[in-house]
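Trainee: I am new to this structure, so please take me through it one question at a time.

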Amino acid sequence: MSDNQEKTVDSSRRNWLIATSVAGGVGGVATLVPFVSSLEPSERAKAGGAPVEADISNLKPGEKMTVSWRGLPVWIVRRTPDEMASLEKVKSELADPDSKETFSYSMPEYCQNAFRARAEHKDVLVVVGICTHLGCIPSGPYTANANAALGAEPGFLCPCHGSTYDMSGRVFKNKPAPKNLDVPRFMFVNDTKIVIGKDEKGEA
Ligand code: FES
């Protein structure tokens, strides 16, 4: 990862922590300060973290699970056939439908496709669940017509300032969030186990 990328990731994480503290009120702020100040270089390296494994054998279509990687919440979503079908339908409403813009991490080449997913498991979405506006954590996935902000399409909603994302984590046009959700490097160990932060090229 380049220095610039590293700075951007640190910035994202800081924003996420700040947003989490604000959401948690005064008590959240009080606990945040010692945590951040304790991140000396060796601790930062530890927090930088190794790849993490996730068992997705119990993840059903329409469900999301979250694992922590490098202090970031990484979502794993198993999309339903309807959610997969929605990806093409919403394309003209998205700010960057082909994910040409980079936020914190470059899009892995194996996810540069219509599903932003591995070809052999295209129903499984893996994204960093941090809004690209100011670092809040979006809610969802919402099914079609379940949320007024998303209307007839399924997706995710950031509660802080109303940015909406489709079922691939691509942001809709004219929202505060400027970029799509990050897709980290990851790989399948087998059909039910994923490693985040590592792929055929090695560790991210
Ligand atoms: S932080 Fe998500 S819309 Fe502002």
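Mentor: We begin with terms: strands (E, at least two residues) and helices (H or I, at least four residues) are DSSP runs, numbered from the N terminus, and two strands pair if DSSP finds at least two bridges between them. This is a predicted model, in which local features need pLDDT of at least 70, side-chain atom pairs count only at pLDDT 80 or more, and totals for chains, interfaces and linings use all residues. Residues are numbered from 1 along each chain as its sequence is written, while side-chain values use heavy atoms, with hydrogens and water left out.

Trainee: Which residue in β9 does F186 stand opposite?

Mentor: Strand β9 (residues 193-196) pairs with β8 in the antiparallel sense, over four bridges. Within β9, the residue that stands opposite F186 is I196.

Trainee: Which strands stand at the edges of the open sheet?

Mentor: Three strands with antiparallel pairing form this open sheet, in the order β1-β9-β8. The strands at the edges each have a single partner strand, so one side of each is left without a neighbour in the sheet; they are β1 (52-55) and β8 (186-190).

Trainee: How many residues of strand β4 are buried?

Mentor: Buried means under 20% relative accessible area, whereas exposed means over 50% and partly exposed lies in between, with a 1.4 Å probe and protein chains only. On one side of β4, V124, V126 and V128 are buried, and on the other L125 and V127 are too, which leaves both faces covered. The strand (residues 124-128) is largely enclosed by the rest of the structure, because the number buried is five of the five.

Trainee: Within what arc do the buried residues of α4 fall, seen down its axis?

Mentor: In helix α4 (residues 81-89), the buried residues are E83, M84, S86 and L87. The arc is taken from the directions from the helix axis to the C-beta atoms. These buried residues line one face of the helix, because they fall within an arc of 155°.

Trainee: What is the angle between the ring planes of F186 and F188?

Mentor: Rings of Phe, Tyr and Trp (its six-membered ring) pair if their centres lie within 6.5 Å, and planes under 30 degrees apart count as stacked, over 60 as edge-to-face and the rest as tilted. By this rule there are four aromatic pairs. F186 and F188, both buried, form an edge-to-face pair at 6.4 Å centre to centre, and the angle between their planes is 65°.
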